[in-house]
Amino acid sequence: MIAIDLRATARQILPPLAGLALLFGVWSWLAASGLVRPRILPAPDRVWQTLQRSIGLLLEQAQPTFWAAVAGIVAAALLGIGLGIAVSFSRRLMQAIYPTIVFFQLIPKVALAPVFLIWFGHTIAANVVFSVFIAFFPVLVATIAGMQATPPTYERLGQSLMMPPLRVFLRVKLIFALPQIFNGLRIGVTFAVIGVVLGEFITVQAGLGYIILFSANNFETALLLSAIVVLCGVGIVLFAFFLALEAVVLRLFDSR
Amino acid sequence: MISAVIDRLASVETVSMAKDAGDYVVAERVRKIFNPGGRHEVEAVAPTSFTVKSGEFVSLLGPSGCGKSTLLMMVAGLDRPSEGTVAVAGRPMIAPRAENGIMFQDPTLLPWKSALENVLFPYRAMNKPVAPHIDRAKALLDEVGLAGFHNHKPRQLSGGMRQRVAICRALVFEPDLLLMDEPFSALDAITRDEMNLALMKIWEEHHRTALFVTHSIREAVYLSDRVLVMSQRPGRVIADVKIPFARPRGLEIEESAAFNEICGYLRSKIQHRPV
């Protein structure tokens with residue numbers, strides 16, 4: 001029984017490990033063969049050394065990135081869920097604002113970053129606002145879809161039990177919407193990190209985004225790759241938090 | 001014996017319009033038009049009248065799309081008639097009332113709540129305390145054969161069991177009128193027989209006035225005191241047939257000649273679309 005479980009686990013873990021090993025193998029071989037100069041592509045062990053040496057700096061710089069992304073996704077969640085619920089209550093409101101929102105989403109968002117620079121200057125606020133701007137849209141779209149997930153007979157049931165609309169929303173529709181809303185949040189949190197890093201590229205002189213840009217300009221490729229590793233960590237922590245939150249809430253309501 | 005049944009049928013066939021003190025549901029020249037004046041205007045229910053006496057089990061029987069569900073929804077106060085009036089217990093139905101218990105074609109259970117919590121949901125919906133009613137909710141679940149399933153979630157129950165939970169939910173606040181919109185039409189034939197039996201048993205015990213929508217002739221005859229046959233859309237009641245079997249009824253009455261005679265008679269009344 002346990003042996004079978006082990007084999008199943010191995011079957012799940014082995015392919016990604018093999019893929020990773022292959023990637024590192026090709027990378028090491030490329031760096032060792034002399035085909036690519038170490039400045040362009042340092043060997044994995046050099047990146048590892050640099051990561052160890054500069055981990056203090058990187059973790060320090062990871063903090064503004066992390067907290068800006070947290071602020072971004074929290075604000076984006078409040079805005080996206082709030083707006084999604086509001087438009088699902090009012091067709092008029094939906095017609096009034098939804099086309100405008102979609103229109104703004106069609107503009108490549110990087111193109112708008114300088115606008116945020118003008119409005120908010122080189123502050124962390126510019127970063128957060130930009131992150132919210134990018135991350136709230138998937139949350140909004142998912143919330144609107146979620147608010148339509150309740151089968152129509154449940155609304156009839158609510159009417160027959162004379163439930164006021166707010167109570168139908170809280171006791172029925174919101175819970176049917178939860179899986180969709182969490183889908184939106186999962187996409188939103190990755191977008192929030194993208195927004196913050198883009199913001200750091202363009203506006204703020206701090207954070208992992210700034211380190212990446214700075215090392216690229218100075219051909220510090222090992223430091224650049226180290227910063228990317230830490231950035232990966234930031235993304236994983238945030239994503240994992242939302243996965244855990246989703247698991248807890250959906251288990252509570254069993255609405256999958 | 002059989003000819004006597006037919007004679008009796010013939011005498012009650014005319015749709016009676018006379019109001020009676022015992023009439024609990026009174027529909028008078030009710031008509032329903034969807035999208036009036038619009039491009040997709042549909043007359044779902046043609047002006048029609050019928051009554052249901054207090055304590056009576058009446059079925060609305062008709063081909064699919066004939067407006068029988070619409071008629072039921074107007075009795076429930078969930079749809080407003082375009083013309084005419086529906087009154088329940090002497091009051092016009094212009095909005096849902098708390099004393100109606102409703103069953104839909106889907107069980108419409110909340111997937112995240114247990115069977116027991118689903119039965120108690122009407123109290124939560126009406127913001128009333130649940131605690132005083134837990135014992136009755138449990139007793140109802142036991143009565144429909146769900147004794148070991150109080151804490152099961154809907155997805156852990158079969159289709160028939162879910163509809164049993166829905167029966168309990170419709171009965172939990174002791175409604176005086178039970179309205180059922182093809183509640184068993186999504187179930188297989190064997191489960192349907194079981195559900196009919198379970199419904200009969202619980203109805204004979206609680207004895208509410210009941211209005212039941214179905215397109216199954218046998219189901220209508222088995223369950224009802226009276227069957228109202230509806231025409232093709234726009235639907236109206238075209239026959240009112242008394243079902244003479246004594247209660248309690250077992251499923252074996254479906255084997256009797258009289259049962260099949262009545263089914264044949266009702267079938268002849270249903271207008272089939274030309275092939």
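Trainee: In what order do the 6 strands of the open sheet in chain B lie?
Mentor: This is a predicted model: local features need pLDDT of at least 70, side-chain atom pairs count only at pLDDT 80 or more, and totals for chains, interfaces and linings use all residues. Residues are numbered from 1 along each chain as its sequence is written; chains are lettered from A and ligands numbered from 1, in the order in which they are written. The pairing (at least two DSSP bridges between two strands) is mixed. With strands (E, at least two residues) and helices (H or I, at least four) taken as DSSP runs numbered from the N terminus, the order is E6-E7-E8-E3-E9-E10.

Trainee: Which residue of E8(B) is the bridge partner of Met180(B)?
Mentor: E7(B), residues 177-181, runs parallel to E8(B), residues 209-214. The two strands are joined by 5 bridges. Met180(B) has as its partner Phe212(B).

Trainee: Is H8(A) roughly parallel or antiparallel to H10(A)?
Mentor: Their axes (lines fitted to C-alpha atoms over the stretch in contact, with angles from 0 to 180 degrees between N-to-C directions) lie 10 Å apart. The angle is about 170°. The cut-offs are under 35 degrees for roughly parallel, over 145 for roughly antiparallel, 65 to 115 for roughly perpendicular, and oblique for the rest. That angle therefore makes the pair roughly antiparallel.

Trainee: Which helix supplies the largest share of the side of chain A that touches chain B?
Mentor: The contact (C-beta atoms, placed from the backbone, within 7 Å) takes 17 residues from each of chains A and B. H7 (152-160) and H8 (165-202) of chain A each supply at least two residues of chain A's side. The largest share, 7 residues, comes from H7(A).

Note on methods. Contact = placed C-beta atoms within 7 Å.
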